[in-house]
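Welcome, and thanks for taking a look at this one with me. Here are a few points to follow as you turn the model around.

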Amino acid sequence: MSATAVHLHIFYKDMWPQFKYYLSSLNGTEYDLYVTLIKEDPKLEKEIHSAFPEAVIWHVPNCGYDIGPFFYFLRHIDLGRYDYILKLHGKNEKRYCITRVNGLYLTREIWNRLLYRALLGSPKIVKNNLKIMAENPQVGLISSRYLITDNPCYYHKQKTEIKNILQKMGLTDMPKRIKFVAGTMFLIRTRILRPLLDAGYDINSFKPSDIHVHDGTLAHTMERVLGAVTIAQGYRICGFDTHKFLWLNSLFHNILRFVFQKKVSKKNYLTIKILKVTVYRKKLS
């Protein structure tokens, strides 16, 4: 039995050398590689098979960003063969964009780096993550500790839809706080995902991807659901990467935090401050 099924969705084909480098950390472990592309690319496919001769490559509709292809992958493999699934993709590093997650200000390049280092940073990291899964049955999902969040500001608009999706899967216990991986790259126990397939979701459940839309679609909600379904089944979401974050990012954060602060309190109040002066306060639903 191959212990891990690796799903890599490649939208930005110029990132292949980076993907190839990180995938080499899987050497010495039992895994099968499945790659999804949104169109045929003979040159890229030849490079993939040159590095990973046994890789399975599928051409899929460009629906649901990286989430739609992930459901295609889940529908087309024998889940019974695998204990774990490693979900991978890439964010466009050429598009300059800074996003705040867990108080950190991240470029797409740093975002990719944090997720890939946590999951595939070295053969030792890969083996350690698998060891943690094997020795700790309560751990259901592993990713970068910097990008695991349960801040309500990242999911309060989707709470009703998340609850409906969980109920559709037969999971009635809605987590009080929804913890998920911002960026949707993780190592997860296969059994956790079965309720999603039983509920009927596949790539056709998602609308065509639009690079100009950054939130509010089923794919973005499902990003949160993948965390919620883990917690709702009694598993923990953990980040075990120990590499130190760039100190310059922390310095940049401290400067920006003085200028601009956005916080959700324990009583679910969203407060925005500029130069430490409150300019907006609202009770979230």
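1. Let's start with Arg189, which is buried (under 20% relative accessible area, against over 50% for exposed and in between for partly exposed, with a 1.4 Å probe and protein chains only) and yet has no salt bridge. A salt bridge here is a side-chain nitrogen of Lys or Arg within 4 Å of a carboxyl oxygen of Asp or Glu. The nearest side chain of opposite charge is Asp83, 7.3 Å away; Lys and Arg count as positive and Asp and Glu as negative, with His and the chain ends not counted.

2. A word on the source: this is a predicted model, where local features need pLDDT of at least 70 and side-chain atom pairs count only at pLDDT 80 or more, while totals for chains, interfaces and linings use all residues. Residues are numbered from 1 along each chain as its sequence is written, and side-chain values use heavy atoms, leaving out hydrogens and water.

3. What does Arg189 touch? Not counting residues up to four places away in sequence, its contacts (heavy atoms within 4.5 Å) include Asp83, Tyr84, Val139 and Tyr235. A polar atom of the Arg189 side chain lies 2.6 Å from the backbone oxygen of Val139.

4. Next, find Thr230 in helix 8 (residues 218-232); helices are DSSP runs of H or I with at least four residues, numbered from the N terminus. Thr230 is buried, with a relative accessible area of 0%. Beyond its neighbours within four places in sequence, Thr230 is in contact with Gly140, Leu141, Ile188, Ile192, Tyr235, Arg236 and Ile237.

5. Finally, 10 of the 13 residues of helix 4 are buried, so this helix is largely enclosed by the rest of the structure. Among them are Trp111, Tyr116 and Leu120.

Terms used
Helices (H or I, at least four residues) and strands (E, at least two) are DSSP runs, numbered from the N terminus. A polar contact is a pair of N or O atoms within 3.5 Å; within protein, one must be able to donate a hydrogen and the other to accept it, and residues adjacent in sequence count only if both atoms are side-chain atoms.
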